[in-house]
Amino acid sequence: MNSSPTNSLLPVPSGSLQIPESKFAAANGNGHYLSFSLVIPTYNESKNIKEVIQTLSGLLDNFIAGDYELIVVDDDSPDRTWEVAQSLIPDYPQLRVMRRQEERGLSTAVIRGWQVARGQILAVIDGDLQHPPEVLLKLLAAIEEGADLAVASRHVEGGGVSEWSFARRFLSRGAQMLGLILLPEVIGRVSDPMSGYFMVRRSSIAMRSLNPLGYKILIEVLGRGKIGQITEVGYVFQERQEGESKVTWKQYVEYLGHLLRLRFHLWPIGRFLRFAVVGLSGVFVDMLVLYLLHDPSALGLGLTRSKIISAEIAIINNFLWNDAWTFGDMASKQRGWRKRLKRFLKFNIVCLMGLMLNVLLLNVLYNFLHIHYQWANLIAIAAVTFWNFWINLKLSWRVTEIKN
Ligand code: GDD
Ligand code: MN
């Protein structure tokens with residue numbers, strides 16, 4: 001397999017974290033496709049790496065002999081894990097080793113490995129034997145059966161962790177909850193979004209600008225990949241025999257940064273700006289109608305009655321513009337006045353709840369946090385705009401059924 005006679009190290013890719021499509025991947029190698037590439041990110045795993053390579057190649061030689069590769073990506077470990085791995089190359093023809101000296105971090109290490117990989121299926125496993133290798137066969141079978149992504153999960157049947165402290169379990173679940181709040185459409189797709197053990201079809205992530213932060217490469221794949229069917233396989237996360245975990249508070253901060261980065265990437269900026277412009281037009285309509293109804297020089301009706309009418313007319317204005325412009329593409333998939341009326345009623349309820357949220361927030365900021373009422377009002381309007389946008393996107397214009 002290894003065209004290079006000596007046990008030379010792999011060149012480290014540089015530049016953007018984009019994975020090439022198969023045809024380019026094969027060209028990089030010696031011109032033939034492989035079905036499976038397994039990346040093993042390592043940092044200070046010199047005591048584990050030999051057994052890891054031995055076990056993995058023993059398993060895969062019985063299953064897909066000659067049709068897979070193992071790629072160790074080491075970030076210049078002080079314990080010279082890369083050197084130990086490199087010394088194994090002559091004995092394991094499927095083994096390739098990369099030593100990164102400029103970059104550091106689990107997720108980017110995995111992607112650099114996938115960038116030089118030649119397989120149609122790209123996988124990752126930890127280099128410390130905490131991920132039981134035999135689960136790979138079940139994950140491979142899931143991909144064969146049509147899944148784009150197969151994830152080894154601790155939170156499905158047959159899954160679990162051996163001896164994690166209560167604190168680590170709490171932090172792991174807490175991190176998952178935070179992810180579900182900030183990024184429900186991504187984190188909610190799998191039971192173990194924190195898993196570091198999975199495989200994905202190259203075509204689902206090729207040519208996409210990946211940009212992870214820290215440890216959670218699976219969230220990056222879910223957030224930026226084109227992932228259809230997902231299969232999860234239960235596994236028990238084993239206790240570490242040698243070395244120690246590199247997880248510190250830093251990884252949790254990076255995780256939060258990663259969630260926000262993906263949130264921004266996935267936040268439909270264009271649609272939100274259109275929604276905000278329509279919202280602004282609603283403010284003008286509201287003020288104009290309130291003037292025409294309440295001002296003594298005009299109809300001179302009571303303030304509350306005038307305000308309720310002006311607010312409702314503003315909501316109708318916003319609905320019509322949002323239905324035609326902001327969410328026009330989604331509305332066009334749900335034709336007929338009945339569906340439109342349903343959207344309008346939902347929009348109306350969401351906006352009225354927004355109004356209540358606005359008054360509540362205004363009072364909390366003014367009475368409890370003693371913020372100046374104008375600032376408090378602005379903050380409340382901004383918060384409610386996000387609320388109105390997000391809930392209406394997920395509820396009022398959510399495409400339920402498509403009439404072709
Ligand atoms: N190249 C590289 N660079 N590898 C790294 C780095 C890094 O900066 N940091 C850690 N690794 C390697 C480790 O050597 C190990 O092989 C693997 O990544 C996982 O690191 P651990 O530090 O052992 O993580 P953990 O066991 O606490 O947590 C693992 O399991 C969790 C449950 O699936 C990780 O995979 C977590 O992401 C995962 O949530
Ligand atoms: Mn580990």
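## Domain layout

Domain bounds here come from an automatic or database domain assignment. On that basis the protein splits into domain 1 (5-266) and domain 2 (269-403). The centres of domain 1 and domain 2, taken over C-alpha atoms, are separated by 45 Å. The model is predicted.

UniProt, in an unreviewed entry, places the feature "domain: GtrA/DPMS transmembrane" at residues 274-396. The span 274-396 is 85% helix and 0% strand. Its end C-alpha atoms lie 16 Å apart.

## Manganese site

Which residues coordinate the manganese ion (ligand 2)? Asp128 contributes through OD and Gln130 through OE1, at 2.0 to 2.1 Å. Asp128 and Gln130 are both buried.

Salt bridges with shared partners join Asp128 to Glu45, Arg240 and Lys246 in one network.

## Salt bridges

The whole structure holds 19 salt bridges. One of them pairs Arg96 with Glu69, with the closest N and O atoms 2.9 Å apart. Arg96 lies in strand β3 (residues 95-99) and Glu69 in strand β2 (residues 68-74), so this pair ties together parts that are 27 residues apart in sequence. Both Arg96 and Glu69 are buried.

Glu83 and Arg80 also meet in a salt bridge, at 2.8 Å from N to O.

Arg154 has two partners to look at. In a salt bridge with Asp192, the closest N and O atoms are 2.7 Å apart. Arg154 sits in the loop between β5 (149-153) and β6 (160-161), and Asp192 in the loop between α7 (184-187) and β7 (198-201), so the bridge ties together parts that are 38 residues apart in sequence. Arg154 and Asp192 are both buried.

Arg154 also lies over the face of Phe237, at 5.9 Å from the ring centre. Another charge-over-ring contact involves Arg99: its charged end sits over the ring of Trp82, 3.8 Å from the ring centre.

## Aromatic pairs

The count of aromatic pairs comes to 13. One of them, Phe272 with Phe386, is stacked: 4.9 Å centre to centre, with 15° between the planes. Phe272 lies in helix α11 (residues 269-294) and Phe386 in helix α15 (residues 373-396), so the pair ties together parts that are 114 residues apart in sequence. Phe272 counts as buried because its relative accessibility is 13% and the cut-off for buried is under 20%. Phe386 is partly exposed, with a relative accessible area of 41%.

How are the planes of Phe347 and Trp397 set? They stand at 70°, with ring centres 5.6 Å apart, so this pair is edge-to-face. Phe347 is in helix α14 (residues 337-368) and Trp397 in the segment after α15, so the pair links distant parts of the chain, 50 residues apart. Phe347 and Trp397 are both buried.

## One aromatic cluster

Conventions: Residues numbered from 1 in each chain as written. Chains lettered and ligands numbered in written order. Predicted model: local features only at pLDDT ≥ 70, side-chain atom pairs only at ≥ 80, totals over all residues. Heavy atoms only, no water. Donors = N, O, S within 2.8 Å, 3.2 Å for Na, K, Ca; no water. Buried < 20%, exposed > 50% of the residue type's maximum accessible area, 1.4 Å probe, protein only. UniProt positions renumbered as here; feature names shortened; annotations may be inferred. Helix = DSSP H or I, 4+ residues; strand = E, 2+ residues; numbered from the N terminus. Phe/Tyr/Trp six-rings, centres within 6.5 Å; stacked < 30°, edge-to-face > 60°. Lys NZ or Arg CZ within 6 Å of the ring centre and 35° of its normal. Salt bridge = Lys/Arg side-chain N within 4 Å of Asp/Glu carboxyl O.
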